[in-house]
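Please have the sequence and the model at hand.

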Amino acid sequence: MTADTRQRRKKRLDAQIKACRKCVRPDRLNVPGVTESAPGFGSIDSPVAIVGEALCRACMAKQEPFYGGSGRVLDRCFQRAGVDKTDLFITNSIHCHPPGDRDPYPHEVKNCADWLRAELREIVQPRLVIGVGKFAKASLLLLYPDARELNWPFRVPRLRRLDPPRLTYLLFPPHPYYIMTRAAPIREQYERRLARAIVWGFATAPTGPTE
């Protein structure tokens, strides 16, 4: 898939996500300004993707995952790693804003799974996928049954001789919202470890997406 084809595919996918009306009960999702969706954000060429759970209200309004709040924790990680937020690909396992920031229902996770698959496995094809939150973790484990899960706190893994060159790695750190409330030394360690993972993901990525 050429770069132009991937860009066109992403544009079509964004429109499909914005037009999605799969989730209507018990709450109607993807209502503009109320439970509105936002497609994945950032570079489709990124070797590192970050997947959250669902859009918060501020993220919905900005149309940007991890905007403000816990996003500031990630912003500091990006700064430590020497990358801009737009250099990564950032999305959610649920592309809409569940009312009241409630947990997503199982059918909502299932309905959004195809959008997440198209973003990650068909278009971006990242080397390292970082999932934060239990719903993101569950979605990614289903999406990548053949991936290698890395331990947290992150340490640079030993690359196995028989690992395929396009092997996807999964990392599941605590959600940055939780880290916001921790003491300064815990926040410092989290940001340092996650920044190291991001640097590793960029440094070890194969060149270009698969065909």
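The sections below go through the model by topic.

## Basis

The model is predicted: local features need pLDDT of at least 70, side-chain atom pairs count only at pLDDT 80 or more, and totals for chains, interfaces and linings use all residues. Residues are numbered from 1 along each chain as its sequence is written, and side-chain values use heavy atoms, with hydrogens and water left out.

Helices (H or I, at least four residues) and strands (E, at least two) are DSSP runs, numbered from the N terminus.

## Helix H1

Helix H1 spans residues 3-19, 17 residues in total. From first C-alpha to last it reaches 24 Å, close to the 24 Å expected at 1.5 Å a residue, where the expected span is 1.5 Å times one less than the number of residues.

Its buried residues are Arg 6, Arg 9, Lys 10, Leu 13 and Ile 17. Seen down the axis of H1, these fall within an arc of 105°, so they line one face of the helix; the arc is that of the directions from the helix axis to the C-beta atoms. Asp 4 and Lys 11, on the other side of H1, are exposed. Buried means under 20% relative accessible area, exposed over 50%, and partly exposed in between (1.4 Å probe, protein chains only). Strand S3 (89-92) and helix H4 (106-124) are among the elements covering the buried residues of H1.

## Helices H4 and H5

H4 packs with helix H5 (residues 134-143) at an angle of about 60°, and their axes are 11 Å apart. Axes are lines fitted to C-alpha atoms, for helices over the stretch in contact, and angles run from 0 to 180 degrees between N-to-C directions. From H4, the contact (heavy atoms within 4.5 Å) involves Val 109, Leu 116, Arg 117, Leu 120 and Arg 121; from H5, Ser 139, Leu 140 and Leu 143.

The buried residues of H5 are Phe 135, Ala 136, Ser 139, Leu 140 and Leu 143. They cover an arc of only 125° around the axis, which puts them on the same side of H5. Lys 134 and Leu 142 are exposed on the face turned away from that side. The buried residues of H5 pack against strands S2 (48-52), S4 (128-131) and S6 (169-171), and against H4.

## Backbone details

Most residues other than glycine have a negative phi, and most peptide bonds are trans. A cis peptide bond joins Arg 25 and Pro 26, with omega about -5°. Another cis bond joins Trp 152 and Pro 153, with omega about 5°.

Gln 63, not a glycine, has a positive phi of about 60° and lies in the loop between helices H2 (57-62) and H3 (71-81).
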